[in-house]
Structures are given as C-alpha cells and as structure tokens.
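This report describes selected local features of one protein chain. The sequence and the coordinates are shown first, followed by the computed details.

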Amino acid sequence: MNKKILLVDDEEGIRRFLGLTLMEMGYDVKTAENGEVALQVYREFQPSIVLSDIKMPVMDGIELLRHLRSEYPDVEVIIITGHGDLDLAIEALKHEAADFITKPINEDVLEISLNRVGEKLSMKRQLKDYTENLERLVDEKTQRIVELERQTAAGQMVEKFSTILSSISTEVENQSGLFNELPCLVTLHNRDMRVVACNNLFKERIGDCSNMNTHQMYLFRDFADNECPVGLTFKSGRGQRSMATLAGHGEEAIPVTMHTSPISNKQGEVGLVLNVSVDMTELSRLKDELLATQHKYQRLFDEAPCYITVQNRDYSIAELNRRFKEEFSDGEGLRCYSAKQDREAPCDDCLLEKTLQDGQSHQMETVITTRDGAKKNVLVTSSPIRNVAGEIHQVMEMYTDITEIRRLQDHLTSLGLMLGSMSHGVKGMLTALDGGIYRLESGLRNNHVTQIQDALNTLKSTIGRVKKLVLDILYYAKTREPELQQMNVAEFLEQTAILVKAKAEKEGVQFESNLPSDLDAFEIDPNALSAALVNFLENAVDACEGSEREQCHVRLSASGNSDTVTITVQDNGKGMDKETRDKIFTLFFSSKGSKGTGLGLFISNQTIEKHGGTIAVQSEPGQGSTFTITLPRKQTCKILSSRKTPPRKLSAH
C-alpha cells in the first residue's frame, strides 16, 4: 500500500507533533499550512491519504476537499475538526470525506481511522484489479469468438467460390454466362501453359488467344518460364496476384492487375487456372487527372489573395497556404490558437467551435501578429469541410487582410473627430484675437504703451497657436513621403535648438545643448524632423511651467555610432505618471488642457517612425522626463531627394 500521507494544518505545533506520530506509525509524511499549498505539494508527492484541518486561511479544508475530489478521485481525505465544527464535518462527509476526527487528537482514534481508510483503499485496488482482469478476459473471449466467426465465414466463401469456379468451367465450355459478362479480361489455362479459352472482352482488346502459349500474352515477357502467375498457381495450388503488361492489338501496351485462381479436378489436383486481369489503363488516366486536379487546386490554395488555414476538430492545423506560411509561420500540427494568436487555450469567440456546432459559415474581425511583429486587421470567414459521409471533419478559415481599409476608416474617423474638436479650439483662439485687437485699439486711443505691448504679445502668441494648429492639421490630413537629404547631425541639431531657445529664455528656463562636432551625417527629411524635435523641445519647456524647482533646465544632447544617431531631450520639469506616458503619442491626447491640440506628439511619433526610428520615454512625477530618439544613418526603404541645392536653413513651424 502507498504509505504516503499529506498533513494540512495552519498550526505549526500540530503539524510537528502529529507529523512525528504519523511517522512512528510508518507513514512517509509531507506537511502544508493551508489548502492552496497542499494542492501544490499533492501534485508532486501524490499521497493516498490527506489529513486536513477544516478552518485554515487562504483555502480551508472544505475547499481543499472539493478540489481533491474533482482532480484526484482516488485520494481519501480525513477531516480534523473541533467540537464546535461538527456541522462543517458533516458537510465534509457530504463531499465524500472518508472520515473525521475531533481535536484534541487521540492517537488510538487516529490509528483506527487510518486503518479503516487503508482497508478502503485496499478494497478499491482489489476491485480495480478484478475489473481490469475481467475486462481483459472479456476482450480475449470476444476476440476468440470473432476469429471463429471469421474462419467460418472464410470457409463459406471458399465453398461458394469453388461452386462459382465449377460453374465458370461449365460456362467456358459453353462460351456463355458469367464468363463472358465479366467486365474483366478473363482467360483459362491448362497445365501445358496454354490458353484454353478467353472471354469476349479479352478477344476485343487482345485478340483470340485460344491455344496460345501463356507467355505470349505478355508484351514485355515480364516473367520467366513457369514463374508467371499462372505457372506459380499450378505449382503452389494457391491464387496469385501481380502486375503485368498485356500485348493488345497493334502491340498496344495494356497494363493490368492479374488475379489467378486454381480449379481442381475430381482427383483434387489443379487441372486449370482461371486468370482474371483488370485493365489499369482507365485507372492510370484517372490517377493522372486526379494528380493534375490536385496540383491545380494546390496552386489556387497557395495563390489565393488571403491567408487560408484548415483545422481539424481538435484545433490542430492540418494545412496552411503559402501566403500564411510566408507572413506568419509553418504551424502545421500546432493548435490554431497557439499558431495564430499565441494563446494557450481556444479563443472565447472561436469560429471553429461555432462551425462545428451548427455547420454554418461565420465571420469575425480580429487582429493577428505576423512573424515580424506587425499587427494585421483581418476579416475571418469559417467554412465547414465534410467527408464522404457528410460529416464535418475539418474547418477552413480564410483571413482577408483589411488593415489598409481599417487604417483609412480610422483616418477618416479621426479627421471627423479632429475637425469637431478643432472647431472649439479655433473658436477660443478667435475670441483671444478679438480680445487682443480690442486691447490694442484701446491702448492706441489712450496712448497706453504697456497696454499696446501686452495686446501685441497676446496677438503674436494667439497667431502662433493658430499657425501651429493649421500646420498640424495639414500634416495629419495629407500623407507625404519624406524628402530625404544628407545633413550634418551637429549643424542640423544646432539650427533646431535655435528655434526653441527664445521661448526657453522667455519662460525663464535654462536651455543647454551638448552636440559633439564629430557626429558626421545622416539621411533625414530636415523640415519634418525639425518640426518633430521642436515639438519635443517645446513640450520640455512647457513641462517646466508650474514646476516646484527654483531653476528648470532643458538639455539637448546627441551621440552616435556607425549605424545610428541617438538624440536625447531631457528636462527636470513636473514629469508624467504611467497613464500619461502610455497615452502621450495617442491622437488628440494632451496634458496641456486648452493649450494643447493633441496632435503634436502624435505627428512627431509618426515622423520618427517614417524615418525608421524609435522613441524611448523615461519619466516620473516630479522627476522630469527624458525622450531618447534613435534614428538610422541610412534610410534603406527611401530614395534620397534628387535636389542638388544645398540644404536650406530651418525655420519655425
């Protein structure tokens, strides 16, 4: 008997004392402090008995009992309970606990309970062994009965076949009946290896071979003397089967499958051999047609303008077309949810399950990831594949790539949302312009220089905001390819920094730059990248507004290697929390309230992506932010601008 026992109790003293007692009784003991730990220990230890307290933290004894009875029905559980927990003990018995004992635990009571459970386990094992032996005995007797029935059937078939052969012999003599009606090439041969008779179909296809030597039927003399199927049948007294080529009219080659059968005389000796040949010409033609059809449909399967998979009922992938293998992976044999969605279990809205249940086609939209990590929006359509019995044994799924359609739809939707939200922003800016003009006119009438200057500053600021908003809208609304030029990294970044220094000084922010002169050149669209970097730098300046630091600074630095250039924009402003960091590159998201449009960083991120670059963000509230932009020196997928004029000076956007 398995002398392993698992002791579960939240009191360490009880586990130690009771564990020693159980070991003295000869048990191999493992302990656990609650039901959850007990399940983990059980899976490794596999004891036959679990001794568990009822009241425990995390998972109590009743819940542990439910899990054990569900996952391991052969285990026996003894519940330990206090005098006040009898209701719980009764509930445990309802859940098929083997026994319960009360605290304080009496060793004699414990031993009696364990012996009773041990006897129960022993009886269960004996019953299991008896059942298995009985099943094995039934299987053996069943197989014996089947074998006897098979032998009886074979004897009856031999008897009937002998009767048929005898009747065929009579029909051959009379040249009538089944002999001539068989849709096969039939000949009858004697012991001299000559053709005694042939049926009408043989005469039409081959000719009248009566009294011809048996070997003359064959075109290529496939067999040596007496080793053809007919000769072997005379020798062995048993039927033969082989492939051969008969000589038809005009030396036409007729491939056949030959079946010979002995015909015994009254003395029990083989006197004649019946040779039935099946013309394989039509079968060969059908095989060729089938092969051609298979190639045709395989080409259609592979060249279809979508991704196609065929799944078995157990979710395993049976076939994939070429496009799927190229974009994703050769996942034949894998579970579909693993190969397509990288999941460990079937999808909640699995089309395979739906089609198997109702036999209908179903559709859904989803997103799948290519082997390169790209996300694709696809429209999935499932269709049942039925076998010859009309049962669904596989399901085909076709994935149509609608990524571009969804991108255009999202773009149009975004434009609509943008125009709606921008109208409120423009309305506020127009109000600010009206206010600035009113203050300007009032200052001019009263010759109030300070009021005039304030009004001009308001007008300049508002006009700048209007200009930036319009440029952002135009950039987002119109797709444009980068106009690439070779630019010196240090010179380009110095020109970009000049565009932001004035704003930093006005806001009282210290602007620093660390741009080594040996950074060499890189291929960029200077206007687009400058606008993107200005966005990052101006946001860094804006982040210093409201900061509790006495002195805020913004730093622009750069470094590089042979393949990439790294640009860093750092500030010690108010920083961002995780939620803001996750959303900063989202369309229409702005942390500036009414001062922001939600387009700047979204467009800047698109610009960096079009340059083949990446952006890393580090930020914590009150600790400032660091944006690290990495760009390739060479744009492998773009063509350099053909303009030969020197790069123009950059202006603010």
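## Annotated site

The UniProt annotation "modified residue: 4-aspartylphosphate", from an unreviewed entry, covers Asp53; UniProt positions are given in the numbering used here, feature names are shortened, and annotations may be inferred rather than shown by experiment. This is a predicted model, in which local features need pLDDT of at least 70, side-chain atom pairs count only at pLDDT 80 or more, and totals for chains, interfaces and linings use all residues. Residues are numbered from 1 along each chain as its sequence is written, and side-chain values use heavy atoms, with hydrogens and water left out.

Asp53 belongs to strand β3 (residues 49–53); helices (H or I, at least four residues) and strands (E, at least two) are DSSP runs numbered from the N terminus. Its relative accessibility is 6%, so Asp53 counts as buried (under 20% relative accessible area; exposed is over 50%, partly exposed in between; 1.4 Å probe, protein chains only). Residues up to four places away in sequence aside, Asp53 touches Val8, Asp9, Asp10, Gly61, Ile80 and Lys103 (heavy atoms within 4.5 Å).

## Aromatic pair

The structure holds 4 aromatic pairs (ring centres of Phe, Tyr and Trp, the last by its six-membered ring, within 6.5 Å; planes under 30 degrees apart are stacked, over 60 edge-to-face, the rest tilted). Phe536 and Phe627 form a tilted pair, with 5.3 Å centre to centre and 50 degrees between the planes. This pair links distant parts of the chain, 91 residues apart: Phe536 lies in helix α16 (residues 526–543) and Phe627 in strand β22. Phe536 is buried at 2% relative accessible area, and Phe627 is buried at 8%.
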